[in-house]
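Open the viewer and get your selection tool ready. We will go stop by stop, picking residues and ligands as we move.

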Amino acid sequence: MFYTSFILSLAFSTALCQKQPTATVIPNSCFNSQADFSASFNDLYPWGTDHNGAARMNASQINVSNGVLTLTAQPVSGQPPAHSGGQTIAINYLSGTVYAKDYFTVAAGGGYDFIGDFQAPVEQGTWPAFWLTAVNSWPPEIDLAEWKGSGLISFNTFNTSSQVAALNVNYLTPGSFHTIKGEVRDKNGKDVSINFYLNGTLVTTQYGEGFVGAPFYLIIDLQMEGSSGSPGPTTNTTYSVQNLEVLSYNP
Ligand SMILES: *[C@@H]1O[C@H](CO)[C@@H](O)[C@H](O)[C@H]1NC(C)=O
Ligand SMILES: *[C@@H]1O[C@H](CO)[C@@H](O)[C@H](O)[C@H]1NC(C)=O
Ligand SMILES: *[C@@H]1O[C@H](CO)[C@@H](O)[C@H](O)[C@H]1NC(C)=O
Ligand SMILES: *[C@@H]1O[C@H](CO)[C@@H](O)[C@H](O)[C@H]1NC(C)=O
Ligand SMILES: *[C@@H]1O[C@H](CO)[C@@H](O)[C@H](O)[C@H]1NC(C)=O
């Protein structure tokens, strides 16, 4: 009896305390059609086709159909190298990347939920990710989920290039979809907290210094090699996302 009423009052107070979203920034219909996709996303990285790995992004590697976004990395030869961070990087793949048209700026008292189901490759040389990177500088960065070719999934927050919270955890049955949710919230008017969930279970909480008020890009990319090792696969690799949704809690 005590237990039942305790549970009931707990459920009641949790319901009362749970804030409701103030807006849907990206609706979960965003991959239903090309028009739905184009309402929320652009092709490539915000800065172009190349980043810090062996893939060059091209719209030909992006497929949106039946509510699923699929990015395909395809081995290629004869591409000119990429240049990133003072490095010259051989391009061994054409692949796909998309980024949200909206910027995500945690307001005082606010935040966002970033939610989706991901079927991500984990083989050596495959480097899919679902991440936020600052529009005006680097870092800050929040890796809502990243897979670096080791079989594990990583959850990371960069305050600076050297002050980084990074957690790798086991990732079972990569061939199936896994639900990822990142709850990003204002903590104290200046810093944010990030609750990282995998399949509905809270895995870790990290903190980002001074992230309140900073605009972020949201990126879904299938980068290759780089931090995920090399050589990568010699056949096509796919990375699929469905039920993607971004909810705002900003006042
Ligand atoms: C994408 O690939 C096609 C065919 O290889 C090429 O013509 C086009 O320039 C590429 N687009 C970009 C943005 O590199
Ligand atoms: C590899 O992917 C490309 C681009 O999506 C596609 O055109 C090609 O047919 C694929 N190759 C194989 C062997 O599936
Ligand atoms: C996209 O994927 C769907 C489902 O696999 C397929 O039927 C369709 O032909 C693909 N579209 C393109 C442009 O490759
Ligand atoms: C997540 O859920 C999927 C689908 O139920 C399951 O196949 C997978 O093993 C789960 N992953 C982890 C890491 O628990
Ligand atoms: C980043 O900064 C926040 C706020 O100061 C702090 O709580 C967190 O521990 C920092 N992260 C790391 C990895 O030091």
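Select Arg56 first. Arg56 has 11% relative accessibility and counts as buried. Buried means under 20% relative accessible area, exposed means over 50%, and partly exposed lies in between (1.4 Å probe, protein chains only). The side chains of Arg56 and Asp50 meet in a salt bridge, 2.8 Å from N to O. A salt bridge here is a side-chain nitrogen of Lys or Arg within 4 Å of a carboxyl oxygen of Asp or Glu.

A word on the ground rules. This is a predicted model, where local features need pLDDT of at least 70, side-chain atom pairs count only at pLDDT 80 or more, and totals for chains, interfaces and linings use all residues. Residues are numbered from 1 along each chain as its sequence is written, chains are lettered from A and ligands numbered from 1 in the order in which they are written, and side-chain values use heavy atoms, leaving out hydrogens and water.

How many salt bridges does a search of the whole structure find? It finds 4. Let us visit two others.

Select Glu183 and Lys181. They form a salt bridge, with the closest N and O atoms 3.5 Å apart. Glu183 is buried at 16% relative accessible area. Lys181 is partly exposed at 24%.

Next, pick Asp191 and Lys190. Their side chains also meet in a salt bridge, 3.2 Å from N to O. Is Asp191 buried or exposed? Asp191 counts as buried, at 13% relative accessibility. Lys190 is partly exposed, with 44%.

Now jump to ligand 4. Around it, with a heavy atom within 4 Å, sit Leu172, Thr173, Ser176, Phe177, His178, Leu198 and Asn199. By class, this shell has 3 nonpolar, 4 polar and no charged residues. Zoom in on the polar contacts (for a ligand, pairs of N or O atoms within 3.5 Å):

- Thr173: a polar side-chain atom lies 2.5 Å from an oxygen atom of ligand 4.
- Ser176: a side-chain N or O atom is 2.7 Å from an oxygen atom of ligand 4.
- His178: a polar side-chain atom lies 3.2 Å from a nitrogen atom of ligand 4.

The protein covers 60% of the 360 Å² of accessible area that ligand 4 has on its own (Shrake-Rupley method, 1.4 Å probe).

Last stop: ligand 2. Select Gln61, Thr72, Gln74 and Asn236, the residues around it. An oxygen atom of ligand 2 is 2.4 Å from a side-chain N or O atom of Asn236. The protein covers 36% of the 360 Å² of accessible area that ligand 2 has on its own.

Terms used
Polar contact = N/O pair within 3.5 Å; in protein donor to acceptor, adjacent residues only side chain to side chain. Nonpolar A, V, L, I, M, F, W, Y, C, P; charged D, E, K, R; others polar.
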